[in-house]
Every structure is written in structure tokens, then in C-alpha cells.
Amino acid sequence: MNRHPIATALRALRQTLWGRDAPTEGPLLARWPRVAPYATPVGLLAALGLFLITLNVESSWGLPTPVAVLFSGMTVAPLLALPRRPLLAWRLAVLALLICTFNAPDDRSWPWTPPLALGSVAVLAVVVARVDRPVLVWVVTISTVPVFGLVHPDNRIPVLLLLGALAIVGDLIRRNRLSRRALAAQTELSEREQERRAVLEERTRIARELHDVVAHHMSLIAVQAETAPYRLTDVPASAAAEFGAIAGSARDALTDMRRLLGVLRSEASGPETAPQPDLGDLGAMVDVARRAGLPVTLDVDPSVDGRVPAPVGLAAYRIVQEGLANAARHAAGAAVRVTVRTGRSGLGVRVENSPADARPTADGGPGHGLTGMRERATSLGGTFTAGPLPDGGYAVAAELPYEAESGDA
């Protein structure tokens, strides 16, 4: 619901005269952390220098020393308050313009000293760029009062034009700053949404592939349980019934898994009919990469055998696949080494490349490959690391735990 224009104007006037400054986006020197520690001492020295210059000018006007010191302090005070309290600085500047003018010599065309006039313009330039538009209107309107009442008629028009130009430029600067801030917030929100979507899509794909792997084993269990009474001789009736119950449970589990996967599967994707790859397919994948011009060295531990669980083998295959794709995109001409090692507690996978011989063929934008590899490793309770090497190359490594004796992930 919109406020009445008069109520809005009165509220803006109250904010201009007595309200507190609106919260700002932080110190102006936050972008330069090396310069920020020196800002306060340098600012104080500049204020002291301005105070001494103003005191000298005030004394040249024949003012008593206490009055000259007071007026010099009123000239410097708005500038000290300007970084954190711009509205307060403007109020002090207007007060100084109204008070200090009554002691100016009569033969002067300007009622203020040059430091006070220039300082007041600087204060106004900062304020109009940091306040809302209703407050800006009141700030400019009130700032014209000393101009009409104290400035010589021959100088009023240029001063009023300067105030109008400051108001227009300040409003444009403020609107541009707000637009850039809103755009940055929207961009950050979009990036987070893209990352979240990438994670969800990768988890969905992992769920599909795990379903296909587990469904294969469950189907074998069901078939073996159903055919056991026919393959074995002298099977008691109770044992045959137990085999039938096992087969029924396996079929029910398959039905539940397919129903659950239907929730995860998008409308555009159909069922996975091809067999899922595993560690035994690494050689074929590396051969394809070599034919594409990528110099790859494959080092697989001879102890890698069928005891590695299918989900672990599938995850290792996908991690190597994505690692080779990243090396081809971002490290053209670099030598790549793929290492697969097994241990008592899991499978270690590492893909590393030497420094690139040419510029990357990809555009350098952030992708979802690392996110997918990390999701695959963590979904099995493992760990994943990625980062540059001291020689300028890059490496990704994953530890995929499983029980070596039982072959369970």
C-alpha cells in the first residue's frame, strides 16, 4: 500500500533533520585491505592540515583567536563525520555555513572561507549519493537556504546550478550502485541454484546407476532362488518354500526400487539398458582417449579383481572418465597419468596431468565435473580432493572404502 505523498514528504523531512543515517554497505576502503590501516592516520593528518589552513584564513579576517579556532573546528567537523555519518556531516556543514557567515568582512563577494565552501560541497556530493530520493530532495532544498540568504546575487545562479548537478549525478550514482548490488545478489543466487541443481542431477544419475547395478544382483538372487529346487536334488519341502520366499522378497525389492527410481527419473530420460561400466573397462576408455590425442598412462594395481564391489567400480570408472575429460578441456597437450590402487580398506583413484602445453580449449567457466566426482565419492562414504600441483599440473584423487574380505561397499 502506497503512502500519501504528504506523509512521505514529512517522513523524509524528519529523517533529514533528525533521523539516523541509513546503514551503508561498509567502509569505502574495504576493497583495499592494504590501504585501509593507513586511512585513519592519513585522514587525521589531512584534517589537522585543513584546520591549520582554515585557522590562518580566519585569523586574516581579523577574528579573535577563540572565534577563529571555533570556526576552524566547525569547518573540519563535517569532514570527520562524513565517512560513517553522512547526514550528520551535512547538518554540521549547514550549521557552519549559517554561523560562520556572520563574521565575514563586508567587502567579500563570498561569505565563507574557501576551505568551508569546498568542504561543504564535498559533503553534499557524498550525501546525495548515499541517501534515498525523498531525503535527497530535502537535503538539496535546505542547502539552497544559505545560498539564497547569504550568497551575493551575482553568484547565486552558478551555485544553484552546481547544487542541481550534484543532486542529479548523486541520484544516478546511487541508483547505479543499487542496481549493481541487486545484480550481484541475483547472480550469486543463480550460481547457488545452479550448484544445487547440479548436485541434485548428479545424485539422481548416481541413484539410477546404483539401481541398475543392484537390480542386476537382485535379479540373480531371485532367479537362483527360484531355480534352486530344480537344480538341487532331494530338497525338502520346507527348504523349497524358503527358496520361494527368498525369490518373492527379491522380486518385491526390485519392484520397490523401480517405483522409487520412477520418482527420481526425469521424463526425458528412459531406463538404462546398457550394462554399467566397471574397472575392467578402464583400458578401453584410455584407448579411446589416446586415439583422441590425449597422452594417457594407465597404472592399475594387479590386485584389482572382481572382489571390488560394483558400485565402487562404477564410481571409480566415472571419476577417471571425468578426470580425463577435464584434462582434455583445460590442459591441452599435457601428459595424464591414471593410477588405481587397492588396499584392505578401499580403492584409491588418482588422475593427474602435467602443465598444459597450450591454452585451454574450454572457456574456463565453472563446471559441474568436480561436483559430480565429489558426490560419487561421498555417496560411498569416501573422500575426494582436487587441486593444482607444485609443478603447475592438476590432480584429482578419491578414496572409495569397501570391505576387502566381503566385497561390500
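**Helix pairs and the chain around them**

Guide: Helix α5 (residues 114-128) and helix α6 (residues 133-150) have axes that come within 10 Å and cross at roughly 160 degrees. This is a predicted model.

Visitor: So how are α5 and α6 oriented to each other?
Guide: Roughly antiparallel, because angles over 145 degrees count as that. The crossing of α5 and α6 is left-handed.

Visitor: Which residues meet there?
Guide: From α5, Leu124, Val127 and Val128; from α6, Leu136, Val139, Val140 and Ser143. By class, the contact of α5 with α6 has six nonpolar residues, one polar and no charged.

Visitor: What about α9 and α10, at what angle do they cross?
Guide: The axes of α9 (residues 282-291) and α10 (residues 310-330) cross at roughly 10 degrees and come within 11 Å. Angles under 35 degrees count as roughly parallel, so α9 is roughly parallel to α10.

Visitor: And which residues make that contact?
Guide: Leu282, Met285 and Ala289 are the ones from α9, and Tyr317, Val320, Gln321 and Leu324 come from α10. The contact of α9 with α10 divides into six nonpolar residues, one polar and no charged.

Visitor: Now α1 and α4. At what angle do they pack?
Guide: At about 75 degrees, with the axes of α1 (residues 5-17) and α4 (residues 86-100) 9 Å apart. That makes α1 roughly perpendicular to α4.

Visitor: What meets what in α1 and α4?
Guide: Gln15, Thr16 and Leu17 of α1 meet Leu87, Trp90 and Arg91 of α4. In the contact of α1 with α4, three residues are nonpolar, two are polar and one is charged.

Visitor: Different topic. Which residues are buried in α11?
Guide: In α11 (residues 369-379), the buried ones are Gly369, Gly372, Met373, Glu375, Arg376 and Ala377.

Visitor: What follows α11?
Guide: Glycine 381, with a positive phi near 80 degrees.

Visitor: Let's zoom out. How many helices and strands does the protein chain have?
Guide: The chain has 11 helices and five strands.

Visitor: How much of the chain is buried?
Guide: Of its 409 residues, 36% are buried. The protein chain exposes about 24600 Å², and carbon and sulfur atoms supply 61% of that area.

Visitor: And what share of contacts joins residues at least 24 apart?
Guide: 70%, counted among contacts between residues at least 6 apart in sequence.

Definitions and conventions:
Residues are numbered from 1 along each chain as its sequence is written. This is a predicted model: local features need pLDDT of at least 70, side-chain atom pairs count only at pLDDT 80 or more; totals for chains, interfaces and linings use all residues. Side-chain values use heavy atoms; hydrogens and water are left out. Helices (H or I, at least four residues) and strands (E, at least two) are DSSP runs, numbered from the N terminus. Buried means under 20% relative accessible area, exposed over 50%, partly exposed in between (1.4 Å probe, protein chains only). Contact means heavy atoms within 4.5 Å. Accessible areas come from the Shrake-Rupley method with a 1.4 Å probe; for residues, only the protein chains shown count as cover. Axes are lines fitted to C-alpha atoms, for helices over the stretch in contact, and angles run from 0 to 180 degrees between N-to-C directions. Angles under 35 degrees count as roughly parallel, over 145 as roughly antiparallel, 65 to 115 as roughly perpendicular and the rest as oblique. A crossing is left-handed if the near helix is turned anticlockwise from the far one by less than a right angle, and right-handed if clockwise. Ala, Val, Leu, Ile, Met, Phe, Trp, Tyr, Cys and Pro count as nonpolar, Asp, Glu, Lys and Arg as charged, and the others, Gly among them, as polar.
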